[in-house]
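Thanks for sending this one over.

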Amino acid sequence: MVEAHVSAHELVAGRYRLLEVFSRETNRLWWYAEDVTAQQPRLVAQTALPGPAAEDTARRVTARVVRTSQTMRPLCPGQVAAVVDAVVEAGTLWTVTEWIDGTPLTEVLAEEGSLHPVRAARLGLELLDVLQAAHDEGITHGELSPGQVFVRDGGPVVVTGFGLAGATLVPRLTAPSYASPEQARDERIGPAADLWALGALLYTAVEGRPPFRDRGRPDATLKAVDRLPLRTPLRAGPLTQAVQGLLRKDARERLSRPVVREALNRALSEDTDADREPAPAPRLRGAYRGVRSAGPLRGRRMAVAVGAPLALVTVAAAVLAAAGALPGTGTAAAPPRATGPATPAGRHTGGGTPAAPAPAATPSAPASSSALPAGYRGYSAPEGFSVALPDGWKRLATSRVSGLAYRVTFGRGGDSPTLAVTYSERVGPDPVAVWRDDVEPGLARLPGYRRLGAVRAATYQGRRAADLEWLAGSGDTRTHTFGRGFLLGGTRGFSLRFTTPAAAWDDTANRLALKTFLGTFRPPKG
């Protein structure tokens, strides 16, 4: 695997500031980056070339990558990454793309282990659409792998890496485990090689491991792909025949695109549990969140002081959820609480004047126009926001700072999960900086505090946002919190913070609750 011989904040090509590695694959690193010239966020793929590149080779490689992306994008709107620049420096290809609102499939699989065959079939159909558009144009991807596929919560996958195949003389630049046998033999490749890679990707998605493991050296891995028999898939279910048909060593015997499409559609229709399968929860740990933002990324901080008494307002994804209490007048803020049991009705979540007894979350119009999961009801708060809550949840506590900020906590009480909704009129333009520089130092003082992954820039309902996820406490009292916030414009913003006992974080009910809260929350109109 390519190593990061560069440091965070180093400039590539004099203009792309590398911020943080967010995904790795054999011979490739993905970086969050900033274009300091255009003052725009970017993603940068770092790919090691097989040897020193002469000037004409570098020019040919970079031109091919940019040109192929430009050709593919109109053919598959929204499904092919927009390459804005490509640079070769010191034997490394740096491919610069616009931000993608999705998570690399490598990250999804690292967190979930494997995908349900129905979900994998849907993903396969989306990839097949992109490949068919490329093949009809005479373009072979040749480098398809989980690291080149970004999964989005609200749309089809986005594919990167077009133009890499054939840019150098090596059979495969990245991820040799997904090379086709003909590619492993360094033979001329065509659409059948992409169909093999699709089969290998589907195999990995359902089995949780590639059909041919990485052996540390590209030549050894390629030899295994060419010579070793396929390990029989055990979890593919209705996808078994499609996967095995795509992974036939002889390219002439591989399934054609129409047959593959029919097989994937059949897998969807034959699985009687498909409609009951819960939608996947958002990527919360080590996940990539795209961001659509204007203006510079650096040098921006969110103002979190709302008068003397206001504690830190944590941006959980753009405006940070209050990491501590929103105290009343005349009382210093308590240290931020990362989690902890919900406070009883009529109690304040921080210091200061107790709030009035908490009203029950009575049903009202659904927070979303789409059907809510069974056992959920829409709730409209007097403050103007709305969200769908599970049956039995109520408004546990409310804290206010005279018109400038408030925090409302929902739950069943006791040690059960809670949702905290925070509003502030004193937030700045960079939610990531607030989490990292203003909020986390306070969280770090909590017993057992541990951040999970990096602070992630995000978009939420078309607004700038940031995510922070952490653990706190110990033993039976250890808790797990995911925070997301977003900017409304000006200096106003909301944040959401979902907390559960750490041991119950991955429970189906909690995953559904988080997905529902994020999917149905609506800020006040106007």
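1. A word on burial before anything else: a residue counts as buried under 20% relative accessible area, exposed over 50%, and partly exposed in between, using a 1.4 Å probe and protein chains only. By that rule, 56% of the 526 residues of the chain are buried.

2. Please keep in mind that this is a predicted model, in which local features need pLDDT of at least 70, side-chain atom pairs count only at pLDDT 80 or more, and totals for chains, interfaces and linings use all residues. Residues are numbered from 1 along each chain as its sequence is written, and side-chain values use heavy atoms, with hydrogens and water left out.

3. Now the overall picture. The chain has 10 helices and 21 strands; these are DSSP runs numbered from the N terminus, with helices being H or I of at least four residues and strands E of at least two. Its exposed surface comes to about 21200 Å², and 51% of that is supplied by carbon and sulfur atoms (areas by the Shrake-Rupley method with a 1.4 Å probe; for residues, only the protein chains shown count as cover). Taking contact to mean heavy atoms within 4.5 Å, residues 24 or more positions apart make up 62% of the contacts in the chain with a separation of 6 or more.

4. How do helix 3 and helix 5 pack? The axes of helix 3 (residues 117–136) and helix 5 (residues 191–207) come within 10 Å and cross at roughly 165 degrees. Axes here are lines fitted to C-alpha atoms, for helices over the stretch in contact, and angles run from 0 to 180 degrees between N-to-C directions.

5. By class, the contact of helix 3 with helix 5 has 13 nonpolar, 2 polar and 1 charged residues. For the classes, Ala, Val, Leu, Ile, Met, Phe, Trp, Tyr, Cys and Pro are nonpolar, Asp, Glu, Lys and Arg are charged, and the others, Gly among them, are polar.

6. Helix 3 also packs on helix 8 (residues 257–270), at an angle of about 160 degrees and with the axes 9 Å apart. That makes this pair roughly antiparallel, with a left-handed crossing. Among the contributors are Arg122, Leu125 and Asp129 of helix 3, with Arg261 and Leu264 of helix 8. This contact counts 8 nonpolar, 4 polar and 5 charged residues.

7. Is histidine 135 buried or exposed? Histidine 135, in helix 3, is buried, with a relative accessible area of 10%. Leaving out residues up to four places away in sequence, histidine 135 touches Thr140, Pro191, Asp194 and Arg257. Its C-alpha is 8.5 Å from that of glycine 190, 55 residues away in sequence.

8. In helix 6 (residues 218–227), the buried residues include Ala220, Leu222 and Val225. Helix 4 and helix 5 are among what covers the buried residues of helix 6.

9. Two loop glycines are worth a look. Glycine 102, between strand 6 (92–98) and strand 7 (103–104), is buried at 3% relative accessible area, and its C-alpha is 5.0 Å from that of valine 151, 49 residues apart along the chain. Glycine 237 lies between helix 6 and helix 7 (240–246) and is partly exposed at 48%.

10. On the backbone, most residues other than glycine have a negative phi. Alanine 13 has a positive phi near 55 degrees; it sits in the loop between strand 1 (11–12) and strand 2 (16–25). Aspartate 186, in the loop between helix 4 (181–184) and helix 5, has a positive phi near 60 degrees.

11. Lastly, threonine 516 belongs to helix 10 (residues 508–520) and is buried, at 5% relative accessible area. Setting aside residues up to four places away in sequence, threonine 516 touches Pro373, Tyr376 and Ala388.

Conventions
Angles under 35 degrees count as roughly parallel, over 145 as roughly antiparallel, 65 to 115 as roughly perpendicular and the rest as oblique. A crossing is left-handed if the near helix is turned anticlockwise from the far one by less than a right angle, and right-handed if clockwise.
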